[in-house]
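Student: Hi! Could you walk me through this model, one piece at a time?
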Amino acid sequence: MVEGSMTQGAGQGPERTETLRDFRVPPYAQAPAQSAQVPPPPPPVEMPPPAQPHPPVVPHPMEAYPADIHPGNAFADEEPPEGYTPTARDLPVINRGDTVQVRVESEPAPAPLPDGLGPLFVVGDVHGYLDELLAALREQGLIDVDGNWAAGNARLWFLGDFTDRGPDGIGVIDLVMRLSAEAAAAGGYCKALMGNHELLLIGAKRFGDTPVNSGAGTATFQAAWLLNGGQKADMDRLQDVHLQWMSRLDAIEQEDGHLLMHSDTTAYLEYGDSIEAVNDTVHALLTRNDADECWDLFRKFTKRFAFRDESGPQAARELLSAYGGQRVVHGHSPIPYLLGEVGTEDGEEDSRPVVEGPHVYADGLAIAMDGGVTMAGKLLVVQLPLHD
């Protein structure tokens, strides 16, 4: 483990699922789908809310290329390294019978809150969908009609993946940074965890086309960023303040018995045996600015589905035993793919994924929070603990 200093921000063996590169996807998923706007709560009479424009439809970087070619070749003509899972929005549809939605009749009573702390909220993957995020935060009463913090001493955690695929990733980061300051001034806080797309954007900016040791031919951060939905508008607007903020994000935290992380993987265990050790190690790796080390960190954070199959509960228990908590709360893997409910390949309108809320699974030990906003799902902002 690499030693480093703790900075305030905001496994086991190979994964159980294999990476698939070639697959068919529904026609409606070939371009970024626009998720439905969530209407804001009734505003005060004296402050009618402005109408929320629909986000512009941003062409997916893959649209202009044949099915077997992508812009920039992340792995030349070689197969990707073992354990690398592509994070493009058109992941394979997984129809399995061993992932079951668990109905939890009652959540264990939360521990008494420390003095002055309010309710806890978490946000799933945003991926540049700023308008959907604003609507979801307003619906929960966390911001007002002008987009300012309105939740007093509430606590808000983002689970990572702010950019790529959607129209305004930098706008999302700017919002989270501003809300962090406003929430702190009001006695609450707004914090964020590091996702694999933060690592990808940092790497694309720092290292560009510098070859990295991928284990399967030549790879570059720039090519991998494009392959995974990188948006030129985000790169053009990326500033040092954004890079510094992302680099200081923690990888894992615990709040009220909830172990918060971005990726549904046990790879965190490779970076330390405590929450502090994991975060220190990740910060130290990014500070050293070594392309190969950053690539290996990114690659491991792309792993997924650790809690999905019959051995999922044991994987969740390993993490909870090491880092504490009663439930793992993660983003990264969209709920429609965990459930196999993406739809038919002919893309019928009524086959679009329907996500009403978080997915509780792995014997009730894991909560998935990526509602699949990039595929016309839902951007999830929920209060914990869940009450089903």
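Student: Before we start, where does the model come from?

Tutor: This is a predicted model.

Student: Good to know. Let's begin with the strands: in what sense do β1 and β2 pair, and over how many bridges?

Tutor: Strand β1, residues 120-123, pairs with β2 in the parallel sense, over four bridges. One spot to look at is L120, which stands opposite R155 in β2.

Student: And what do β1, α1 and β2 make together?

Tutor: They make a β-α-β unit, and it is right-handed.

Student: What joins β2 to β3?

Tutor: Four bridges, with the two strands running parallel. W157 has K191 in β3 as its bridge partner. From β2 the chain crosses through α2 to β3, and this β-α-β crossover is right-handed.

Student: Which way do the β2 side chains point?

Tutor: R155 and W157 point one way, while L156 and F158 point the other way. In a regular strand, side chains alternate between the two faces of the sheet.

Student: Are those four buried or exposed?

Tutor: R155, L156, W157 and F158 are all buried.

Student: On to α2, then. How far does it reach from its first C-alpha to its last?

Tutor: Helix α2 covers residues 169-185, which is 17 residues, and reaches 25 Å. That is close to the 24 Å expected at 1.5 Å a residue.

Student: Which of its residues are buried?

Tutor: G169, I170, G171, V172, I173, L175, V176, L179, S180 and A183.

Student: What covers them?

Tutor: The cover includes α1 (130-139), β2 (155-158), β3 (189-192), α5 (232-237) and α6 (240-247). After α2 comes G187, which has a positive phi near 95°.

Student: How does α3 do on the same span check?

Tutor: Helix α3, residues 196-207, has twelve residues, so at 1.5 Å a residue it should span 16 Å. Its end C-alpha atoms are 16 Å apart, which agrees.

Student: Why would you call α3 largely enclosed?

Tutor: Because ten of its twelve residues are buried, α3 is largely enclosed by the rest of the structure. Among the buried ones are N196, H197, E198 and F207. Covering them are elements including α4 (221-227), α5, α6, α7 (275-288) and α8 (291-301). Just after α3, G208 takes a positive phi of about 55°.

Student: Changing topic: how many aromatic pairs are there?

Tutor: The structure holds eight aromatic pairs. Ring pairs link F207, F221, W295 and F298 into a cluster. F207 is also one of the buried residues of α3.

Student: What about charges over rings? Which residues lie over the face of F305?

Tutor: R304 does, at 5.8 Å from the ring centre. R308 lies over the face of F305 as well, at 4.3 Å from the ring centre.

Student: Now the hairpin. How many residues sit between β6 and β7?

Tutor: Two, and D256 in the turn has a positive phi of about 50°. The strands, β6 at residues 252-255 and β7 at 258-261, pair in the antiparallel sense over four bridges. I252 has M261 in β7 as its bridge partner.

Student: Is H127 buried or exposed?

Tutor: H127 has 2% relative accessibility, so it counts as buried. This residue is not a glycine, yet its phi is positive, about 50°. H127 is found in the loop between β1 and α1.

Student: And what is phi for A362?

Tutor: Near 55°, a positive value in a residue other than glycine. A362 is in the loop between β9 (359-361) and β10 (366-368), and at 9% relative accessibility it counts as buried.

Student: Last one: where does M369 lie?

Tutor: M369 lies in the loop between β10 and β11. At 0% relative accessibility, M369 counts as buried.

Student: What does M369 touch?

Tutor: Leaving out residues up to four places away in sequence, its contacts include V122, V123, G124, D125, L159 and V329. The C-alpha atoms of M369 and D125 are separated by 7.4 Å, although the two residues are 244 apart along the chain.

Conventions
Residues numbered from 1 in each chain as written. Predicted model: local features only at pLDDT ≥ 70, side-chain atom pairs only at ≥ 80, totals over all residues. Heavy atoms only, no water. Expected span 1.5 Å × (residues − 1). Buried < 20%, exposed > 50% of the residue type's maximum accessible area, 1.4 Å probe, protein only. Contact = heavy atoms within 4.5 Å. Pairing = 2+ DSSP bridges. Right-handed = clockwise from strand over helix to strand, strands pointing away. Phe/Tyr/Trp six-rings, centres within 6.5 Å; stacked < 30°, edge-to-face > 60°. Lys NZ or Arg CZ within 6 Å of the ring centre and 35° of its normal.
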